[in-house]
Amino acid sequence: MIEGERARFVADADASGQRLDQWLAARLAPDLSRSRVQTLIRQGAVLIDGVAAGEPKRKLAAGEQVEIAMPEPEPATPQGEAIPLDILHEDDELIVVNKPAGLVVHPGAGNWTGTLVNALIHHCGDSLSGIGGVKRPGIVHRLDKDTSGVLVVAKTDRAHKALSEAFADHGRDGDLERAYVALVWGIPERLSGTVDAPLGRAADRVRRAVVPQTRDDARHAITHYRVEERFGEDQTHYAPASIIECRLETGRTHQIRVHMAHIGHPVVGDPDYGQAFRTKANRLPEALKATVLAFPRQALHARLLAFRHPTTHMMMTFEAPLPADMAALVSGFRQL
């Protein structure tokens with residue numbers, strides 16, 4: 001099959017009870033591997049009786065109509081787009097931005113446009129070309145799509161090398177400092193502490209989870225936290241919450257979100273690691289309850305970033321205030 005092509009099949013009696021990915025891969029071999037078929041299924045490119053199949057392991061029934069549509073080819077390199085940037089600092093070596101929530105950092109499957117990289121290519125022009133890789137030009141660290149805050153991007157190979165080394169070292173040599181602020185459910189018993197718990201892939205292979213150190217995919221992960229504000233601690237009627245500052249000793253995917261959930265204080269609004277706590281909104285005043293339920297993301301913000309400049313070697317510190325949506329959410333909890 002080629003890009004843009006469609007193929008249709010009807011499951012016969014022998015197909016009944018078979019896994020969709022196995023059955024479909026057998027019919028598309030050798031053009032598509034089973035792993036490629038599984039990816040297409042998860043991306044919604046495979047329909048059963050007109051409805052996205054969703055799961056590769058879904059069992060077929062005789063008579064079902066299976067349709068697969070190969071996606072159109074995606075651009076090999078990101079293109080510049082006129083997306084507004086909140087620039088905190090820019091010079092010949094680097095650019096520091098305050099990333100809004102909802103903005104993906106770099107292009108990937110399903111997100112080839114509308115990313116921070118697209119905006120940077122438009123803003124910086126050819127100076128960003130190829131630095132750190134075609135699809136991730138200048139990127140030395142990232143923030144989740146729905147996490148806001150300070151992010152630095154390299155504009156030269158020299159800056160990319162120096163900043164990449166600093167982030168890889170996680171500030172152990174004193175050349176990097178990162179602080180995040182999160183609104184979490186509940187109030188930790190200890191007002192400051194360290195979560196030292198390895199992370200690996202969760203059962204769904206998409207999210208992350210705390211896993212045994214002995215597992216093959218276990219990665220060392222340490223988060224230091226400090227409670228800055230406590231809301232509703234002197235009453236029992238409403239669900240309490242806290243503002244927590246987190247500083248990373250390691251930088252794993254979703255680290256703060258997983259670690260906070262692990263100690264029983266998930267980030268408010270977190271769709272992946274805080275769903276079990278969503279009903280706590282029912283124990284809030286009606287106005288605040290509505291604000292919490294309408295909040296579309298995890299209440300996590302990269303507040304501070306400090307690093308040594310790659311050419312001047314001076315320490316530079318940048319801070320970004322809470323975005324309006326998170327500030328309104330915190331303001332509501334302060335009324336408890």
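Modeller: The lining of the largest cavity divides into 6 nonpolar residues, 1 polar and 1 charged, where Ala, Val, Leu, Ile, Met, Phe, Trp, Tyr, Cys and Pro count as nonpolar, Asp, Glu, Lys and Arg as charged, and the others, Gly among them, as polar. This is a predicted model, in which local features need pLDDT of at least 70 and side-chain atom pairs count only at pLDDT 80 or more, while totals for chains, interfaces and linings use all residues. Residues are numbered from 1 along each chain as its sequence is written, and side-chain values use heavy atoms, with hydrogens and water left out.

On a 1 Å grid over the protein atoms alone, a cavity is a set of points where a 1.4 Å probe fits but cannot get out, whereas a pocket is an open set with protein on both sides within 12 Å along at least five of seven lines; a lining residue has an atom within 4 Å of a point. Grid points are joined across faces, edges and corners, and a volume is the space filled by probe spheres set on the points. By this rule there is 1 cavity of 30 Å³ or more, and the largest cavity holds about 30 Å³ of space. Its lining consists of H141, L143, V150, R178, Y180, A302, L304 and L305. Strand 8 and strand 14 (300–308) each give two or more residues to this lining, and strand 14 gives the most, with 3; helices (H or I, at least four residues) and strands (E, at least two) are DSSP runs numbered from the N terminus.

R178, a lining residue of that cavity, also takes us to the second largest pocket, where R142, R178, G251, R252 and T253 are the closest to the centre among the 21 lining residues. This pocket has a volume of about 440 Å³, and its lining comprises 8 nonpolar, 7 polar and 6 charged residues. Two or more residues each come from helix 4 (157–169), strand 8 (176–185) and helix 5 (255–262), with helix 5 giving the most, at 3 residues.

Helix 5 is itself mostly covered, since 6 of its 8 residues are buried, that is, under 20% relative accessible area with a 1.4 Å probe and protein chains only, as against exposed at over 50% and partly exposed in between. The buried ones are Q255, I256, R257, V258, H259 and M260. After helix 5 comes G264, with a positive phi near 85°.

The structure holds 4 aromatic pairs, a pair being rings of Phe, Tyr and Trp (its six-membered ring) with centres within 6.5 Å, called stacked when the planes are under 30 degrees apart, edge-to-face when over 60 and tilted for the rest. W185 and F333 form an edge-to-face pair, because their ring centres are 5.9 Å apart and their planes stand at 80°. This pair joins distant parts of the chain, as W185 sits in strand 8 and F333 in helix 7 (residues 324–333), 148 residues apart.
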